Amino acid sequence: MEHKSLSVFTKFHFINPRFWVFSRVVAAMFGGYALATSSSLLIGQLLGESVGKYQAVHISLMLSFLLYTCAVMWVFSVKSAKKAWLGLIVANVLCLALTWALMQLVEMSR
Amino acid sequence: MKDTFRQSMKWLHTWVGLVVGWILFFMFLTGTTGYFYEEITRWMEPERPLITHKVSNSQLIDKAQNYLEIHASESQEWHIFLPNRRDSNLKVSWREQPEIGGTRGKKVKRILDVHTGEDVHIRETAGGRLLYRMHYRLHYLSTKISYWIVGFCTMLMLLAVITGVVIHKKIFSDFFTFRAKKGLPGWLDSHNVLSVIALPYHFMITYSGLLFFLFTYMVLSTNIQVTDAELDEMKDEIYPRSAKVILGNINATMQPISSLYTKTKEIWPNDNLEFIEVYAANDINAKVIFSRGVTDITYNPIDELSFNGITGHRVIEPELDYTIAGSIQNGFFSLHEGQFANTITRWVYILTGLIGAAMIASGLVLWTTKRKPQQLKKVNGADFGYRLVEQLNIGTIAGLPIAMAMYFYANRLLPVDMAERVEWEAHIMFISWALLLIYPAFRPKGNAWLEQLILGAAVFTFMPILNVLTTNKHLGVTLNHGDWQYAGFDLTMLFIGVVFAFVALKFKQSQRKKVSKKHRRQVPLTKMKGVVDTELVLSKASSGV
């Protein structure tokens, strides 16, 4: 449990668990939404070549709700809120970087 | 969050369910009425005539066209609704010219008498349509804010559904082990059974609900991926439509629509052709479209027959071309709305919708049941949060249906010529709900439950009697006439009233049992202030307070 690992701040030991729950809620809501968005960009880019741009975008948006759900579940399943934040940031950056790389590839092949 | 994945998900399930449970209950209940919104509207417009079977469709179309020629000659867009299994009246509507600066004109609806072809003057009411629209267009809030609130709640519902499946260890075997016990195991089992029994429906209704506002909710991703112009093009691809009719601006006399109806009947002899659209009426380019009753789950690309309204020749429209993703989305919409459903399927929809509402209600009650023993041990009484949940539960689960009944009461009791009648029907519903939400604060909780359940039984059972007192379309007349659309509403209300009475009775019995059980544990009867305070007294006694 996270408040154990943070026992240094004994002064706040009463507030701490609640703060970390709040932190997770924020991570799930906004970080999760960001991941739903960035992953949909990646899916849109991945499918674009095979099914056409509009359908790729459409599919990516339809899947985003399910990815959002998974992201939120993951945020609440990991050991600590810090880990959740870190994971979200890494996943977001990864999605954006891959999307960018794919865009470059498509650009080059044209 | 917790030690194991399942425990974390259990925690998440509990809290996402609780946070928006009451709004979800509201959405499920008002949304479910949507499956019968036409029938509800018909009951709320009691001036409408009873079903008459003797007039042929061709004659009805002639009457409708005649009426529209006279009263809607300025309009270019007409609709004729022939009597069908859901709405047995002859109905016409047209779109008025848009006001200056506006893009679309107002739609005007008239019910016509099948014999005279004249307007039956109906009272002003927003009918069943407003009631079901509330489930995504929260009544007093702006469109944009309601969509976002509804989206947030729906997203949490989706989370609750999926985490619910995850935490449910033996999803199939549990299905057969309903323990008809009182208290915690009973409530947990009810919640489980209600969830599992209609799981595909719960998932479908939630996910498709999000799809309705796909571009609103995923606005960031949409804006990054496509421009506004591209989005419009994309929408045309997802929701393909037949080409719009362009006005020729030369007046011409239209063929009798009934003659085109005869032609359509030759091509589709077995289909119900209940809906007729006319575009560019009395213009050289006039087009008349006959729609087959929507009986397919996916939107059928060949559901219409078009004619040139002046020459009477058939116009062959190119088949609508759906993308794969588009058919998936439209398929979900179709499943959500259930427009294709016949009477039996429609009842299944109602039932699953109500199961959804009951699932949410049982989940909310479960939350308090689980915490009750612990809360009752508290020296200073139960926590504020606990009391709030209890109060909202009573005010919503028992209170909202009563408030919805008040919507129907207002329809019958407000003066017919009252100004802002439509608005007040809804105001009365929400005022009633507010009162029922506040009421439990002043009563012991058990009493509040019982009293609101009894009130529910009373208002619903009284509805058919109210109908006798205020209209001439009561059960005695409608049943005699065989008009099951009218009679069905009254009978359903009566049934809901009986269900309320039954639940109230069961509730009372369970309370009495609890008391007698405690009594056996030798608590002096004099210490009991009332049925509900029993446990409080007991726990205080046992903890030595």
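**Figure 1. The buried surface between chain A and chain B.** In this predicted model, about 3200 Å² is buried between the two chains, and carbon and sulfur atoms give 74% of that area. On the chain A side, the residues that lose the most area to chain B are A:Tyr54, A:Phe65 and A:Met73, which together make up 24% of what that side buries. Counting who takes part in the contact, chain A puts in 31 residues and chain B puts in 40 residues.

**Figure 2. Polar links across the A–B interface.** Zoom in on A:Lys53 and you'll find it in a salt bridge with B:Glu230, with the closest N and O atoms 3.3 Å apart. That's 1 salt bridge for the interface of chain A and chain B, while the tally of residue pairs in polar contact between these chains comes to 10.

**Figure 3. The chain A side, helix by helix.** Two elements, α2 (16-51) and α3 (53-77) of chain A, each give two or more residues to the side that touches chain B. The largest share is from α3(A), with 19 residues. Sorted by type, this side of chain A has 19 nonpolar, 9 polar and 3 charged residues.

**Figure 4. Inside the largest nonpolar core.** This core has 122 residues, and the ones with the most contacts inside it are A:Phe65, A:Phe76, B:Leu12, B:Phe408 and B:Met429. Helix α14 of chain B (residues 384-413) gives the most to it, namely 14 residues.

**Figure 5. Around B:Phe408.** Beyond its neighbours within four places in sequence, B:Phe408 is in contact with B:Ile40, B:Trp43, B:Met44, B:Leu131, B:Met463, B:Phe489 and B:Met493.

Terms used. Residues numbered from 1 in each chain as written. Chains lettered and ligands numbered in written order. Predicted model: local features only at pLDDT ≥ 70, side-chain atom pairs only at ≥ 80, totals over all residues. Heavy atoms only, no water. Contact = heavy atoms within 4.5 Å. Buried area = accessible area lost by both parts, 1.4 Å probe. Salt bridge = Lys/Arg side-chain N within 4 Å of Asp/Glu carboxyl O. Polar contact = N/O pair within 3.5 Å; in protein donor to acceptor, adjacent residues only side chain to side chain. Helix = DSSP H or I, 4+ residues; strand = E, 2+ residues; numbered from the N terminus. Nonpolar A, V, L, I, M, F, W, Y, C, P; charged D, E, K, R; others polar. Core = buried A, V, L, I, M, F, W, Y, C linked by side-chain atoms within 4.5 Å. Buried < 20%, exposed > 50% of the residue type's maximum accessible area, 1.4 Å probe, protein only.
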